[in-house]
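Morning, everyone. Let me put the model up, and then I'll walk you through it.

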2 protein chains.
Amino acid sequence: MNFKIIVQYDGTKYFGWQKQPDMVTIQGEIEKALKIMTGKKVGLQGSGRTDAGVHAIAQVANFKCDTNIPVGDFKRGMNGLIGDGINIRSCEIVPDDFHARFSAKGKIYLYRILNSLSVDVFNRQYSWFFHRDLNIDNMQKAANFLIGEHDFKSFENTGSPRNNSIRIVRHAEFVKENDFLLFEIEGNGFLRNMVRNIVGTLIEVGLERFTPSEFRLIFESKDRSNAGTTAPSNGLFLKKVLY
Amino acid sequence: MNFKIIVQYDGTKYFGWQKQPDMVTIQGEIEKALKIMTGKKVGLQGSGRTDAGVHAIAQVANFKCDTNIPVGDFKRGMNGLIGDGINIRSCEIVPDDFHARFSAKGKIYLYRILNSLSVDVFNRQYSWFFHRDLNIDNMQKAANFLIGEHDFKSFENTGSPRNNSIRIVRHAEFVKENDFLLFEIEGNGFLRNMVRNIVGTLIEVGLERFTPSEFRLIFESKDRSNAGTTAPSNGLFLKKVLY
C-alpha cells in the first residue's frame, strides 16, 4: 500500500526535513514513528527538502508499507509518537504510482515579514522582523519580473547540485496584513534557497537600494553574487504542494 | 529616578516572572540587563507574578535608579542584552510614587483556546488545544456570574498566602475568532491561578458536564475542590495592567 501524508511542522527546533545522523529532523522523526507503528523500517519520501528552521503548513510525503491498522488509527498513532512540533494532518491510501516528489506539479511558498516598529516575541520564530519602512509598490513591481519561465541562477545558492536552473514562476504577490507583509510565490519547482534569496533581494528593493529595473538586471545577470542576502529561514513556510 | 517599563514576553522557556536562584525568569533576566546597563544592582518591581509558561502582552514593572543614559537608549540597550523571548516595549520616567504593583487599579487577562479538529503546531505554545465541541453560549452564561464583587475562593489555588479572596470582576467575555475561542477577563486583582481555574471550570460547562447554574453553585460554594481543573499556562496572557 502507498500512503500519502500531509504534514504541518514548526521548523524551529528541527535540523530541516532531511534525515541526518545524530540530528533531529522531520523526516527522521516520522520514520521513527513509522518503525514503531509497523515494526519495519519504512522509507519516507518528501516532496522536497526544507532547510533547518523552515516551517511547513502542508508538506506532502509518501511511504509504502503493508499494515492492517486502519488509516485513521495509523494517523492518530503517528501523531501520538512524534514530537509536538510536527502534526500529520491527513493520511490516505493512494495509487501505487503516486510519488510525493516526482508527481508534484508545483509548490506554493509563503514568506512572512513582520514590518513594524517593535518586535513581536510571539512571532519571532515565524517571521523576519524588519522595522524600517519598505516601498511595497516597488517590491511588487520587481516581483512581477519573476513571473514566467526563466533561469533563476541569480537566486540559486552556489554549490547546488541542479542540472539546470530554469523554473516557471506562476504567481508572486505581496499582501499586507496588519503589521505583516506576506509574500506568496508559486512555481513548478524551486532551486535551493531560491525563495529566501528572492525575498532577501526584494527587501533591498523595498529599502530603495535597488530599483525594480535594477532588480531585473540582477535577475538577468544569472550571477548570485549580484543579488541580495538570503532571508532568514524562520519566515519561510511551505504552504502547499500541487499535484 | 523612577522608570516604568512595559514588557512583552513569551513565557514558554521561562520559569515565570519571579526571580529564583538558578532559574531563568523574566524578572531575573531584566535585572541582569539593568545591572550591566547601570553598573549597580537594581531591583525590579512587577505588577504581579506570572507563572511558568504564562505570557505577557503588556506586563508593567518599575525600578529606581540614577543614570545619565537617555531613556530611548536605555530601552534599546536593555533589549539588546535580554533574550529574544522578552521585549521591553516602552520605558519612561514616572513620578517617584508610581509603584507597578500598588498603583495598579486592575488587570486584563486573555486566555486562548484553540477549538478545532486538528492541532496547529504554530499555536501549540500559545493556546490550549481542545478538539471537542464546546457550548459557548453556556460558557458565556456561566461567565456572567463572575461579574461583580465576589469571594473567588473556589478558584483560588490552595496554599495561597492571600488575606482574603474577595475580588471585583468587571468584564468576562468569550469571543470566537476563526478556530480560536478567546476569553477576556478584567478585574481589580486576581488570586493565584484564578484565571486558569475559572477557564478550566468553564471548559467543563462548555462540555456540558456542568450547567451554568451548577457553575454558579460551585462558585458560591467557596470550595476549590468543587471546581474544574487548572487550564494550562500556555494559553494565558497578561494583556494589560490598568492604572
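Ground rules before that. This is a predicted model, where local features need pLDDT of at least 70 and side-chain atom pairs count only at pLDDT 80 or more, while totals for chains, interfaces and linings use all residues. Residues are numbered from 1 along each chain as its sequence is written, chains are lettered from A and ligands numbered from 1 in the order in which they are written, and side-chain values use heavy atoms, with hydrogens and water left out.

So, how does chain B superpose on chain A? By a rotation of 180 degrees, with 0.0 Å of shift along the axis and an RMSD of 0.0 Å. That is the relation of a two-fold axis. The same surface serves both copies, since 100% of the contact residues of chain B recur in chain A.

Now the interface. 20 residues of chain B contact 20 residues of chain A; contact means heavy atoms within 4.5 Å. The buried area is about 1500 Å², and carbon and sulfur atoms give 55% of that. Buried area here is the accessible area, with a 1.4 Å probe, that two parts lose on being put together, summed over both. Which residues of chain B lose the most area to chain A? V121(B), F122(B) and R124(B), together 43% of what that side buries.

R124(B) comes up again. Its side chain meets that of D84(A) in a salt bridge, 3.2 Å from N to O. On the chain B side, β1, β3 and β4 each give two or more residues. The largest share, three residues, comes from β3(B).

Next, β3 in chain A, residues 55-64. Eight of its ten residues are buried, meaning under 20% relative accessible area with a 1.4 Å probe, protein chains only. Strands are DSSP runs of E, at least two residues; helices are H or I, at least four; both are numbered from the N terminus. Pairing needs at least two DSSP bridges. β1(A) runs antiparallel to β3(A) over seven bridges, with N2(A) partnered by K64(A). β2(A) is also antiparallel to β3(A), over two bridges, and there Q45(A) stands opposite N62(A). β10(A) pairs with β3(A) in the parallel sense, again over two bridges. There, A56(A) faces L238(A).

On to helix α3(A), residues 136-144. Its buried residues are N138(A), M139(A), Q140(A), A142(A) and A143(A). Their cover includes β8, β9, α4 and α5 of chain A. N135(A) caps the N-terminal end, with a side-chain oxygen 3.3 Å from the backbone nitrogen of D137(A).

Last, S165(B), in the loop between β7 and β8 of chain B. Buried or exposed? Buried, because its relative accessibility is 7%. Its side chain makes a polar contact with that of D151(B), at 2.6 Å. Leaving out residues up to four places away in sequence, S165(B) touches H150(B), D151(B), F152(B), K153(B), E156(B) and L191(B).

Notes. Buried < 20%, exposed > 50% of the residue type's maximum accessible area, 1.4 Å probe, protein only. Polar contact = N/O pair within 3.5 Å; in protein donor to acceptor, adjacent residues only side chain to side chain. Least-squares fit on C-alpha atoms with pLDDT ≥ 70 in both. Salt bridge = Lys/Arg side-chain N within 4 Å of Asp/Glu carboxyl O.
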